[in-house]
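This report looks at helix packing, at backbone geometry in the loops, and at the confidence of the prediction. Please read it alongside the sequence and the coordinates.

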Amino acid sequence: MIELEGVPELIDPVMVAAFEGWNDAGDAASTAVAHLEREFKGEVFAALDAEDYYDFQVNRPTVFMEDGVRKITWPTTRLSVVRVGGAKPRDLVLVRGIEPSMRWRSFCNELLGFAHELGVELVVVLGALLGDTPHTRPVPVSGVTSDTDLAQRMDLEETKYEGPTGIVGVLQEACTHAGVPAVSLWAAVPHYVSQPPNPKATLALLNRLEDLLDLRIPQGELPEDARAWQVGVDQLAAEDSEVAEYVQTLEEARDTAELPEASGEAIAREFERYLRRRDTPGGKARPSKPDADASGGSAGDDEGDGSED
């Protein structure tokens with residue numbers, strides 16, 4: 001039995017998790033959870049025992065100095081709780097760590113133990129993958145689940161992926177077997193610019209999470225960072241004719257594949273997000289700049305864009 005001391009009674013809690021490593025192209029997913037933790041001032045209340053799940057030759061501990069004393073930070077997975085205010089406040093249980101090296105089933109069972117003890121109603125796992133997508137277009141974000149009823153209720157794709165999987169797929173399957181509703185949100189990162197960070201993909205994941213949970217997430221400096229990232233990649237591509245030609249090919253393929261209906265849905269989502277941000281006194285919308293195509297829309301099913309469950 002997991003006993004959590006000092007954690008207050010939660011309101012409609014949702015667990016949001018992301019793991020560095022194979023499931024985290026451009027560090028987009030782990031950065032999204034770190035953003036939530038920072039913006040809502042989350043405090044860590046639990047950490048998994050690093051000895052149980054990590055190979056320290058693969059994920060090495062780090063040494064640092066604090067008040068003249070040498071200390072070690074061990075690679076692990078930590079949990080924190082944040083409260084998202086608004087008309088309908090709710091709590092997010094944030095899980096951020098590194099994909100474990102071993103004992104994945106025990107790892108997932110321990111996380112589900114926390115979820116059960118905290119009364120979590122839904123688990124959302126964030127991931128990012130490399131794909132044939134141009135950096136100049138909105139980041140595709142696909143939402144998938146193994147639960148047929150949940151797929152219909154939340155307008156998600158029911159996953160049919162078969163192949164190698166990471167901790168995101170294993171955790172989602174563990175949730176399904178435990179009877180816990182679970183969703184995976186996947187952002188597609190251009191494979192030709194895969195190095196982290198990728199603030200545009202991070203922002204797209206957070207926007208899709210907003211839509212999924214019907215809440216507002218402060219964006220902080222992410223929109224500006226996303227615009228700067230795209231300008232930087234534009235400049236790099238312009239310096240290499242082959243890369244520029246390849247990006248143009250991806251743009252044409254993307255634009256051809258997108259249906260007018262999909263574009264209409266994206267516009268509707270942006271308008272709904274705009275309405276949610278009308279929180280200033282007197283009902284006037286807070287002035288904001290466009291996100292420079294940094295927001296993410298639905299990318300269709302997971303096997304269509306190369307994502308896994």
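## Packing of H6 with H7

In this predicted model, Pro199, Lys200, Thr202, Leu203 and Leu206 of H6 are in contact with Leu222, Pro223, Asp225, Ala226, Trp229 and Gln230 of H7.

Two packed helices are described by the angle between their axes and the distance between the axes. For H6 and helix H7, which spans residues 222-238, the axes come within 8 Å and cross at roughly 140 degrees. Because the angles counted as roughly antiparallel are those over 145 degrees, H6 is classed as oblique to H7. The crossing of H6 and H7 is left-handed.

## Packing of H1 with H6

Helix H1, residues 28-39, also packs against helix H6, residues 199-213, with an angle of about 60 degrees and with the axes 8 Å apart. This angle makes H1 oblique to H6, and the crossing of H1 and H6 is right-handed.

On the H1 side the contact is made by Ala28, Ala29, Thr31, Ala32, His35 and Leu36, and on the H6 side by Ala201, Thr202, Leu205, Leu206 and Leu209. The residues of the contact of H1 with H6 include 8 nonpolar and 3 polar ones, with no charged residue. Thr202 and Leu206 of H6 are listed in the contact with H1 and also in the contact with H7.

## Backbone geometry in the loops

The loop between strand S10 (182-190) and H6 contains Pro197, and the peptide bond leading from Pro196 to Pro197 is cis, with omega near -5 degrees.

Asp27, in the loop between strand S1 (14-20) and H1, has a phi near 55 degrees, which is a positive value in a residue other than glycine. With a relative accessible area of 33%, Asp27 is partly exposed. Lys41, in the loop between H1 and strand S2 (43-47), likewise has a positive phi, of about 55 degrees, although Lys41 is not a glycine. Lys41 counts as exposed, because its relative accessibility is 70% and the cut-off for exposed is over 50%.

## Confidence of the prediction

The average pLDDT of the chain is 85, and 82% of the residues score at least 70. Over residues 280-307, however, the pLDDT is below 50, and this stretch has 69 contacts in the model beyond near neighbours in sequence. Where pLDDT is low, the predicted coordinates should not be read in detail.

Note on methods: Residues are numbered from 1 along each chain as its sequence is written. This is a predicted model: local features need pLDDT of at least 70, side-chain atom pairs count only at pLDDT 80 or more; totals for chains, interfaces and linings use all residues. Side-chain values use heavy atoms; hydrogens and water are left out. Axes are lines fitted to C-alpha atoms, for helices over the stretch in contact, and angles run from 0 to 180 degrees between N-to-C directions. Helices (H or I, at least four residues) and strands (E, at least two) are DSSP runs, numbered from the N terminus. Angles under 35 degrees count as roughly parallel, over 145 as roughly antiparallel, 65 to 115 as roughly perpendicular and the rest as oblique. A crossing is left-handed if the near helix is turned anticlockwise from the far one by less than a right angle, and right-handed if clockwise. Contact means heavy atoms within 4.5 Å. Ala, Val, Leu, Ile, Met, Phe, Trp, Tyr, Cys and Pro count as nonpolar, Asp, Glu, Lys and Arg as charged, and the others, Gly among them, as polar. pLDDT is the predictor's confidence in each residue, from 0 to 100. Buried means under 20% relative accessible area, exposed over 50%, partly exposed in between (1.4 Å probe, protein chains only).
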